[in-house]
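Subject: Structure handover

Hello,

Here is the structure for your files. Please open it alongside this note; my findings follow below it.

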Amino acid sequence: MKSEQIKEITEKATEQLVAALQQGRSEALTAYLKAIGRFHRYSLHNVLLIAMQKPNASHVAGFRTWNELGRFVKKGEKGIMILAPIVRRKAENSDDDENESSGIAGFRAAYVFDVSQTDGQDLPQIGTVHGDPLEYSDGLRKFAAAQNIAIEYSQDIAPARGTSYGGRIALLPGQSPAEEFSTLVHELAHELLHRGDRRATTSRRIRETEAEATAFVVCNAIGLETGSAAADYIQIWNGDKETLTVSLTYVQKAASQMLVALTDS
């Protein structure tokens, strides 16, 4: 594929992505954010307790919360113990002139369950990539090897689908071929664009926008169905049309490097 063709494909794809970002959140993203908001952020102690009892846990919630989300804990499942605060409310009519606020009197054992321990309605998800990357998957791995970037699989990175470490990329096992291809492109973009001096001068929002936009361009170019996946992901990181527009040069650079390797191999 000639450089002029790659430039045209890249420009067309980024225009589509800009248009999607201008439209705002998709219905899938809105539902996803609403559902994900039901999951609490746990303290370090509780994160360690959860990890000790169920290392592969991804989304945990109490019995009642799962019911509210249309899911039910499977019969015989053992709860994951965490520590919940006991809140003691102080009397409003105290002898002091100023009302005292409530305080934590201690902690009690509480139990939560991972999504894998439940059945019921599927949790809302953001857009996903569909299709078959065919021989392009092997080509992408060869490109990574040529850049001296090692690729490995790790369940420990869940719920992330991929992680870039600088010279090494970890992928979550069990993804569909299309999702794994998209994830690998995303992480390779981080390796190409965000492992040098630019890392110190860019925000997480900019880096994630650039990586996901690169994935959108490359996936789009080889014929994968991207739907709202890229726009959804970028908006999760509060990226928008302006963020993407400023980064277009870098997105085109990373996408071109990969597409040249994929189409000339």
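The crossing of H6 and H7 is right-handed. (A crossing is right-handed if the near helix is turned clockwise from the far one by less than a right angle, and left-handed if anticlockwise.) This is a predicted model: local features need pLDDT of at least 70, side-chain atom pairs count only at pLDDT 80 or more, and totals for chains, interfaces and linings use all residues. Residues are numbered from 1 along each chain as its sequence is written, and side-chain values use heavy atoms, with hydrogens and water left out.

H6 spans residues 177-193 and H7 spans residues 204-221; they pack at about 130°, with axes 8 Å apart. Axes are lines fitted to C-alpha atoms, for helices over the stretch in contact, and angles run from 0 to 180 degrees between N-to-C directions. H6 and H7 are therefore oblique to each other. (Under 35 degrees counts as roughly parallel, over 145 as roughly antiparallel, 65 to 115 as roughly perpendicular, and the rest as oblique.)

From H6, the contact uses Phe181, Ser182, Val185, His186, Ala189, His190 and Leu193. From H7 come Arg207, Glu208, Glu210, Ala211, Glu212, Thr214, Ala215, Val218 and Cys219. Contact means heavy atoms within 4.5 Å. These residues divide into eight nonpolar, four polar and four charged. (Ala, Val, Leu, Ile, Met, Phe, Trp, Tyr, Cys and Pro count as nonpolar; Asp, Glu, Lys and Arg as charged; the others, Gly among them, as polar.)

H7 also packs on H9, at about 45° and with axes 8 Å apart. H7 and H9 are therefore oblique too. Their crossing is right-handed. Residues in this contact include Ile206, Ala213 and Val217 of H7 and Tyr250, Ala254 and Met258 of H9.

Among the contact residues are Ile6, Leu17 and Leu21 of H1 and Leu248, Ser256 and Val260 of H9. Here the division is nine nonpolar, five polar and two charged.

Now the whole chain. It has nine helices and eight strands. (Helices, H or I, of at least four residues and strands, E, of at least two are DSSP runs, numbered from the N terminus.) Of its 265 residues, 39% count as buried. (Buried means under 20% relative accessible area, exposed over 50%, partly exposed in between, with a 1.4 Å probe and protein chains only.) The chain exposes about 15400 Å², and carbon and sulfur atoms supply 49% of that.

Which residues other than glycine have a positive phi? Two to look at are leucine 134, at about 50°, and asparagine 148, near 60°. Leucine 134 sits in the loop between strand E5 (118-120) and helix H5 (136-146). It counts as exposed, at 54% relative accessibility. Asparagine 148 is in the loop between H5 and E6. It is exposed as well, with a relative accessible area of 67%.

Last, alanine 150. It lies in strand E6 (residues 150-153). Leaving out residues up to four places away in sequence, alanine 150 touches Gly167, Arg168 and Ile169. The C-alpha atoms of alanine 150 and glycine 167 are separated by 6.3 Å, and the two residues are 17 apart along the chain.

Best wishes

Conventions:
Accessible areas come from the Shrake-Rupley method with a 1.4 Å probe; for residues, only the protein chains shown count as cover.
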